[in-house]
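User: I'd like to go through this structure with you, one question at a time. Ready when you are.

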Amino acid sequence: MTSSDVPSVLVLHGPNLNLLGQREPGIYGSLTLNEINALLEKEGRVLRLGVRCIQSNHEGELVDTIQQAAATESGLIINAAAYTHTSVALRDAIAAVEIPTVEVHLSNIYRREPFRHHSYIAPVAIGQISGFGYYSYILGLHALANYLENA
Ligand code: DQA
């Protein structure tokens, strides 16, 4: 909980998502990461959730951030980007902190190359939202809000 008693949610963006807006816009859309974060913060105010957004290109930094989140965050929304398909370390960090987690992807990973079809995160997440562009994050925030309300 934050000092104002509004539950706080961490939105974690993985590698290359800092390039949104210019990175393969046909797949990932034209919004920048800052624009997506602003939409999430706005939606958080509607849902009465604090939203804190962090991006990193570094696996260890993402692990550190998840570990630290245990002390302050009620929920986690993660787009682990390419680490979705490779990282046992991120999976283990989420399992260790036991923060309710929603996995999101801008693109529909199941309509893409076979190496994107497997997620290490999915088994430790409440659920996964994939394929709705930036709106996957908004849907993820709503799903997490609903989960936290009923927890
Ligand atoms: C992604 C899908 C991943 O396969 C890819 O490596 C990304 C972004 C998505 O949001 O669609 O970087 O997580």
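Analyst: Let's settle one term before we start: a salt bridge here is a side-chain nitrogen of Lys or Arg within 4 Å of a carboxyl oxygen of Asp or Glu. Also keep in mind that this is a predicted model.

User: Okay, how far apart are N and O where the side chains of Arg 116 and Glu 113 meet?

Analyst: Side chains of opposite charge can pair when their charged atoms come close. Arg 116 and Glu 113 do meet in a salt bridge. The N to O distance there is 2.7 Å.

User: Which residues are linked in a network of salt bridges?

Analyst: Start from Glu 113, whose side chain meets Arg 116 in a salt bridge. Glu 113 also meets the side chain of Arg 112, at 3.8 Å from N to O. That links up a network of Arg 112, Glu 113 and Arg 116.

User: Is Arg 116 buried or exposed?

Analyst: The cut-off for buried is under 20% relative accessible area. Arg 116 has 15% relative accessibility, so Arg 116 counts as buried.

User: And what about Glu 113, what does its accessibility make it?

Analyst: Glu 113 comes in at 32% relative accessibility. Arg 112, its partner at 3.8 Å, is at 17% and counts as buried. Glu 113, because of its 32%, counts as partly exposed.

User: How many salt bridges does a search of the whole structure find?

Analyst: Besides the network of Arg 112, Glu 113 and Arg 116, Asp 92 forms a salt bridge with Arg 91, with the closest N and O atoms 3.3 Å apart. Asp 92 is partly exposed at 40%, and Arg 91 is partly exposed too, at 27%. Over the whole structure, the salt bridges found number four.

User: On to the ligand. How do the residues of the shell around it divide?

Analyst: Among the residues around the ligand are Arg 23, Arg 112 and Arg 116, along with Ala 81, Leu 106 and Ile 109. His 85, His 105 and Ser 107 are also included. The shell divides into five nonpolar, four polar and three charged.

User: An oxygen atom of the ligand is 2.9 Å from a side-chain N or O atom of which residue?

Analyst: There are a few polar distances to sort through. A ligand oxygen is 3.0 Å from an N or O atom in the side chain of Arg 23, and a ligand oxygen is 3.2 Å from a polar backbone atom of Ala 82. The one at 2.9 Å involves the side chain of Arg 116.

User: How much of the ligand's area does the protein bury?

Analyst: Taken alone, the ligand exposes 320 Å². Of that, the protein buries 99%.

User: Let's check the backbone. What is the phi of Arg 48?

Analyst: Arg 48 lies in the loop between helix 2 and strand 2. At 61% relative accessibility, Arg 48 counts as exposed. Arg 48 isn't a glycine, yet its phi is positive, about 60°.

User: And where is Glu 24, with its positive phi near 35°?

Analyst: Glu 24 is a residue other than glycine with that positive value. At 43% relative accessibility, Glu 24 counts as partly exposed. Its place is the loop between strand 1 and helix 1.

User: Last one: what is the area of the nonpolar surface patch with Leu 39?

Analyst: Leu 39 sits in helix 2 and is partly exposed, at 31%. A patch residue needs over 30% relative accessible area. Leu 39 makes the patch with Phe 132, Tyr 134 and Tyr 135, and the area is about 390 Å².

Methods
Residues numbered from 1 in each chain as written. Predicted model: local features only at pLDDT ≥ 70, side-chain atom pairs only at ≥ 80, totals over all residues. Heavy atoms only, no water. Patch = residues over 30% accessible without salt bridge, like charges linked within 9 Å, V, L, I, M, F, W, Y side chains within 5 Å. Areas by Shrake-Rupley, 256 points an atom, 1.4 Å probe, with all protein chains shown as cover. Helix = DSSP H or I, 4+ residues; strand = E, 2+ residues; numbered from the N terminus. Buried < 20%, exposed > 50% of the residue type's maximum accessible area, 1.4 Å probe, protein only. Near = heavy atom within 4 Å. Polar contact = N/O pair within 3.5 Å; in protein donor to acceptor, adjacent residues only side chain to side chain. Nonpolar A, V, L, I, M, F, W, Y, C, P; charged D, E, K, R; others polar.
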